[in-house]
Amino acid sequence: MNEYIDKEFCLEVWGENACFTRPEMKVERVSYDVITPSAARAIFEAIFWKPAFRWQITKIEVLHPIKWMTIKRNEVGALASTKVSHLFIENERQQRTSLILRDVRYRLHAKLVFIPFDKRPKKFQKDRSKDENPAKYNAMFERRASKGQCFNQPYLGNREFTASFRLVDTGTEELQKPIEYSSDFGFMLYDMDFENEKKPKSMFYRVQMNDGVIDVPDKDSEEVKK
Amino acid sequence: MIIEALVQYYKDHESLFPPEGGEEQNIDFVIILRKNGSIVSVEDRRNPDGEGQLFIIPKKVDRTSGKLPTLLWDDLEYTLGAYSKASARKGAQVKCQLFKERVRKLSTIFPDHTGLKAINLFYEAYYNSFIETEEYNQLSESPRATLTFQLQGDQTLVAEDERFFAYADDEKTYEGICMITGENDFLTRVFTPTPVGGQGKSKFVNFQVKSGYDSYNREQGYNAPISKKIDCYFSRAFNRLNKKGSPNSLLIGERRYVFWATSKDSNIELSEFDLLFNKLMKEPIPQKVQEVENALLAPKTGIIHTDGEQTFYIMGFSQTKVRLSVNYWRQETVASLCQQILQHIDDLKIVGDKRGEHKFDSVSQLLKSVSRVEGKDVKIQSNLSERLLSSVLEGVPYPVGLAQSCLRRILATLHKKDTKGKEEIGVTRRRAAILKAYINRKNRFNNHTNNQLSMALDINNQNLGYLCGRLFAVVDRIQEKTMESTSIRERYMNSASATPAMVFSRIMNLSNYHLAKSDKIGFVIMMEKLKGEIMSKIPSSGFPSRLSFDDQATFMVGYYHQRQSFFEKTTEESK
């Protein structure tokens, strides 16, 4: 019986600006130094996602030096709600500053982790097709990524900072070297845990970057604090 | 990264801070009690400015909504139920009740404490008669004043007992993972205020309820899980660094900056580099550049106690009444920072000081020289200060806005007469230095290293802007010496620097008339020679019809260099 190993894919992602917002400075946005696994997952999901699998980020490589930029924007300071008939944004305007990243480029590695039918949430257990297998999804992702197809435009932290991407074949291509910078960035947001849909929990992990490479631990490992 | 750095600062200097739960606060009035609770006197501890005396006492509670008493001290509403408006009477009574209960609760934990016993006795037996007195009525006029208790014969307040500090905060909050330490701990719901420059309750981290900041139905501080301990640490560190008169905090233009270098030796309260940095950015006292350079080379030569591998943090921020917003953040090793600053100083070096020693210009002075002066105010462009500071620290070209403002000020101030040193007139040493540095840094960054401007007059420089500037200086000097007038400078500098072709033929003619009037043969010959030398370098196509912005800046530098060379020559002649 062959052991099934989740296939790992690599995407090179770049953009003019990025903002991976720190939770404590969410109002006057300040970005983290590097991309969060949460944002990286979102990029993969924007290209391809089905309830049959989840993306597990394994490695992040930083290809451009970390540069900052400050911008001041007119934002809205209230939430729209279904219970209220309207929200006049002009009455709720607030001017806020953001400290964001400039000219970013990353190489993201992620595994497509297949979820067996029985382990999926109940609402996704309606139709079961007989020939469902992980290879099918792997192929679909590869096709879509190489064509540049996506469900929605991938973005870097905030929707206004769009990301461009391309599929990278780590075996055959000559890869751009990551930056020669090593640092301990302290605890950073790993992702949100949606096991309990009503009250998602934040997960944190300690980021160590060695010569531009960050090894991201598995979601269920002990390095991820919940 | 910012909070972590502040927490590290706190941990390195932990001995400077009071135990957790304690805080420095102003107390206006102190009631002296006997052991049985009766009053000896009510002391007014306010200084002539109206501020109360400072004590280290339990932390003030955060009262955003609802009635919450601080432990063992508070304003007169809570401590004595004082009220100024009749409508506040009922509320004040409730508040006083809450305060009394809090003291009672504490005394159950410390049953033998005489100070606490006295306070409880005061409320039970003597409070009701006290509120009838004239003294009480006088106090009621300012219900916001703070009050606390002291036992007769004691040197310290009851509230100053450090054992009580742990009970200052008895709010039950959720437990969770603190996002700074990764440990499970009690999270804080609201954060300690970090007001800088009198902005009241301004905080580092602040989420207003239902204003669009709540994520997944979390409220307030739970949106960013930080433990109470960490909140205490970083806010204390921040407040200390920004205390009035602290050398770690600077106001440059309209931006406030706070900076600190990590110090491994916890006995040194302040890193020596912090003091140096403060000088570099702010001090207007003329200092020799050589001294400053020596100080910056120190990490290599070891003159100051600064380890080059220490990290230096600088944060630029602005504050509103509600929260703080971060505009700039940089962390760098002291060694590389010194490198950048040395480069900046080197770029600014220019000829033209008395006694031949280079003067040092702080960033603050540079900004002042390119800004409009209205009476006592200097109106610096809003983000120029942070752009200049960031380009100095990062080693990139100066902001174009700096050079533009500089040029504009030069042309705008030409007409002004003596302003008693409040504002610089025309092309001063500082302005010429700024333009020279701007050009050089820009060219270096773009790898055009053969276009570097020198410190003093460079007769081999073929740049058209430079040559036009030199020629203009010559013509200007001729008029100054022969006619004792500077009208050519005032009227023609603007057009000569922007559109030389239209202007130079006219002013060259004028200078011929001026020279003809002079009877000092030596002077005439020297000027003619100089004119000839400069003209020979101008190409056969003649004066350029327009000069680019960079060339206009170079014009000013050329003008300044040539002019300075006249003064050096005259000092030589006078010897």
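Q: Let's say a polar contact is a pair of N or O atoms within 3.5 Å, where within protein one must be able to donate a hydrogen and the other to accept it, and residues adjacent in sequence count only if both atoms are side-chain atoms. How many residue pairs in polar contact are there across the interface of chain A and chain B?

A: Two, both at pLDDT 80 or more. This is a predicted model, where local features need pLDDT of at least 70, side-chain atom pairs count only at pLDDT 80 or more, and totals for chains, interfaces and linings use all residues. Residues are numbered from 1 along each chain as its sequence is written, chains are lettered from A and ligands numbered from 1 in the order written, and side-chain values use heavy atoms, leaving out hydrogens and water.

Q: OK, how many residues of each chain are in contact?

A: 31 residues of chain A with 30 of chain B, taking contact as heavy atoms within 4.5 Å.

Q: And what area is buried between chain A and chain B?

A: About 2,600 Å², with carbon and sulfur atoms giving 60% of that. Buried area here is the accessible area (1.4 Å probe) that two parts lose on being put together, summed over both.

Q: Which strands of chain A supply at least two residues each to the side that touches chain B?

A: β3 (67-76), β4 (93-114), β8 (183-193) and β9 (201-210) of chain A. Strands (E, at least two residues) and helices (H or I, at least four) are DSSP runs, numbered from the N terminus.

Q: Switching to chain B: what's the order in the sheet with antiparallel pairing?

A: β9-β10-β11-β12 of chain B, an open sheet of four strands. Strands pair if DSSP finds at least two bridges between them. The edge strands are β9 (249-252) and β12 (324-333) of chain B.

Q: How many bridges link β11 and β12 of chain B?

A: Nine, with β11(B) spanning residues 311-319. B:Ser318, for one, has B:Ser325 in β12(B) as its bridge partner.

Q: Which helix lies across those two strands?

A: α9 (334-348) of chain B, running at about 100° to β12(B). Axes are lines fitted to C-alpha atoms, for helices over the stretch in contact, and angles run from 0 to 180 degrees between N-to-C directions.

Q: What about the sheet with mixed pairing?

A: That open sheet has the order β3-β2-β6-β5 in chain B. β3 (39-44) and β5 (73-75) of chain B each have a single partner strand, so one side of each is left without a neighbour in the sheet.
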